[in-house]
Amino acid sequence: MTQTEEFRKYAHEFVDWIADYYSDIEKYPVKAQVKPREIFNKIPVLPPETGENMADIFKDFENIILPGITHWQSPNFFAYFPANASYPSLLAEMLTSALGAQCMKWETSPAAAELEARVTSWLRDMMGLPSVWTGVIQDTASTSTLAAILTAREKYSDYLINLNGMKDYSDLRVYCSVETHSSIEKAVKIAGIGNSNLVKIGTDGNFAMIPSELRRRIEEDIKNGYKPLCVVAAFGTTGSTAVDPLKEISVICRKFGIWLHIDAAYAGSALLLPEFRSLTDGLEQADSFVFNPHKWLFTNFDCSVYFVKDPAALVKTFEIIPEYLKTLSDNKVNNYCDWGIPLGRRFRALKLWFVIRSFGVKGLQEKLRNHISIAKTIEQIITNEKSFEILAPVNFNVICFRYKPDNLLSEEALNCLNENLLPNT
Ligand SMILES: *Cc1c(COP(=O)(O)O)cnc(C)c1O
């Protein structure tokens, strides 16, 4: 067999395997049933000296690797926010890996750059986001939020921190609620701002940021010589999908000239539904916004869409043009390597294009509405159940609840009881 014949044979077999995997996925235990080091110890200490055949490699994939996989695509997966793929997304990802294009500059694959510009503007309009925003695809929300904080930092310092380092800017401050995602803390650390300059604002009974506390902390900080840089507001927190009051937060940011970044990593997809747009009053004042199609928009990991009001500031923060990266078209096109951290970039726009075209806007809306209505039904069932308790508003399709038996237990005992109910396998 030639290499191409062999590729064709196994590619067909693997596609069959994938189709069966998806049909049978509920038969797998969601969580891998292995102990630490079990897989590691099954893999030889030394790599093979000579090439092995694909049939043997695949056998080991099934026997050694698969038992150590946690099945995120299982409908029984409830561990984190889902990271749901779909067939159209998978098909596009096959083509992406076959093309193997590096989509750093326009010239390194013009179609990738231009499709990225088009699908991100599709999404912006599908979600009712301000038409003056521009989108770019990043790998994750963590990267997008880091890009936001770095851009805020550079704009604030008139790009002098990029030039001279932090020496004149040691007292920058970033604000978020106590419920915001750990990626904010990571970004603040990496951006050189320092963890002690991340101010965590308290939340109300709905787990949303208390804007009066935000204002008070900012005023206090200004009085004490700190420099308020950025507020990260959550549209759907990780703990309970709480939505921070964007209107009031945006007024505060505008008053003090502070960058407003919105982390909508999970719940942003809900904005495809016009009925959720009343939650976004004030959003148009934001400087940046991130959401992950790889969470709740049927696009396989990784795909995070980052929108900015001022793309020039983003590019000015990241652009570096050594001799070997100069191209003749540089001033006419988007070179997305200047819109974020990595130089090399995968062709992620293709899978978004496949997903949006295959489902259509209406099809995507129907799916999201269905998920939300299932959640509402379950919320109702739990509410009617005397020994269960809903713990946070069900804003989207996540339900936080616990078992609370009649005989009143202490908070501690309830926590312990509920922890024990969580499946370990
Ligand atoms: C999942 C999540 C993140 C992190 O997303 P990555 O793409 O894995 O970096 C950030 N913020 C919120 C609110 C999230 O739900």
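## The loop between α11 and β7

Phe-298 lies in the loop between α11 and β7, and in this predicted model phi of Phe-298 is near 60°, a positive value in a residue that is not glycine. Is Phe-298 buried or exposed? Phe-298 is buried, because its relative accessible area is 4% and a residue counts as buried when that value is under 20%.

Thr-299 has its place in the loop between α11 and β7 (304-308), and at 0% relative accessibility Thr-299 counts as buried. A polar atom of the Thr-299 side chain lies 2.9 Å from the backbone oxygen of Leu-297. When neighbours within four places in sequence are left aside, the contacts of Thr-299 are Asn-84, Ala-85, Ser-89, Pro-293, His-294, Lys-351, Leu-352 and Val-355. Asp-302 is also found in the loop between α11 and β7, and the peptide bond that leads from Phe-301 to Asp-302 is cis, with omega near 10°.

## Domains and nonpolar cores

The protein is divided into domain 1 (3-79), domain 2 (94-354) and domain 3 (364-421). The C-alpha centres of domain 1 and domain 2 are 35 Å apart.

In soluble globular proteins, nonpolar side chains tend to be buried together. Here the largest nonpolar core has 60 residues, and those with the most contacts inside this core are Leu-123, Leu-214, Val-231, Phe-235, Ile-262, Phe-289 and Phe-291. Which helix gives the most to this core? Helix α13 (residues 349-384) does, with eight residues, and the core draws at least three residues from each of domain 2 (94-354) and domain 3 (364-421). Another core, which lies apart from this one, has 33 residues, among them Ile-161, Val-232, Ala-265 and Leu-314.

Not counting residues up to four places away in sequence, Phe-291 touches Leu-123, Met-127, Ala-264, Ala-265, Gly-268, Ser-269, Leu-297, Ser-304, Val-305 and Phe-307.

## The ligand and its surroundings

Which residues come nearest to the ligand? Of the 13 residues around the ligand, the nearest are Ala-141, Ser-142, Asp-263, Asn-292 and Lys-295. For Ala-141, a backbone N or O atom lies 2.8 Å from an oxygen atom of the ligand, whereas for Ser-142 an N or O atom in the side chain is 2.5 Å from an oxygen atom of the ligand. Thr-238 also has a side-chain N or O atom that is 3.4 Å from an oxygen atom of the ligand.

On its own the ligand has 390 Å² of accessible area, and the protein covers 88% of this area. The elements that give two or more residues to the shell around the ligand are α6 (141-156) and α11 (293-296).

## Arg-173 and Ser-196

Arg-173 is found in strand β2 (residues 172-177), and with a relative accessible area of 9% Arg-173 is buried. Leaving aside neighbours within four places in sequence, Arg-173 is in contact with Ser-196, Asn-197, Val-199, Asp-221, Tyr-226, Lys-227, Pro-228, Leu-229 and Cys-230.

Ser-196, one of these contacts of Arg-173, lies in the loop between α8 (182-190) and β3 (198-201). Ser-196 counts as exposed, because its relative accessibility is 61% and the cut-off for exposed is over 50%. Ser-196 and Asp-171 are separated by 25 residues in sequence, and their C-alpha atoms are 9.9 Å apart in space.

Phe-207 is placed in the loop between β3 and α9 (211-223). Although Phe-207 is not a glycine, it has a positive phi of about 70°, and at 26% relative accessibility Phe-207 counts as partly exposed.

Leu-409 is found in the loop between β9 (401-403) and α14 (411-421), and Leu-409 is partly exposed, with a relative accessible area of 36%. When residues up to four places away in sequence are not counted, Leu-409 touches Leu-414 and Leu-417. Leu-409 and Glu-26 are 383 residues apart along the chain, and their C-alpha atoms are separated by 36 Å.

Technical notes:
Residues are numbered from 1 along each chain as its sequence is written. This is a predicted model: local features need pLDDT of at least 70, side-chain atom pairs count only at pLDDT 80 or more; totals for chains, interfaces and linings use all residues. Side-chain values use heavy atoms; hydrogens and water are left out. Domain bounds come from an automatic or database domain assignment. A nonpolar core is a set of buried Ala, Val, Leu, Ile, Met, Phe, Trp, Tyr and Cys residues joined through side-chain atoms within 4.5 Å. Buried means under 20% relative accessible area, exposed over 50%, partly exposed in between (1.4 Å probe, protein chains only). Helices (H or I, at least four residues) and strands (E, at least two) are DSSP runs, numbered from the N terminus. Contact means heavy atoms within 4.5 Å. A residue is near a molecule or strand if one of its heavy atoms lies within 4 Å of it. A polar contact is a pair of N or O atoms within 3.5 Å; within protein, one must be able to donate a hydrogen and the other to accept it, and residues adjacent in sequence count only if both atoms are side-chain atoms. Accessible areas come from the Shrake-Rupley method with a 1.4 Å probe; for residues, only the protein chains shown count as cover.
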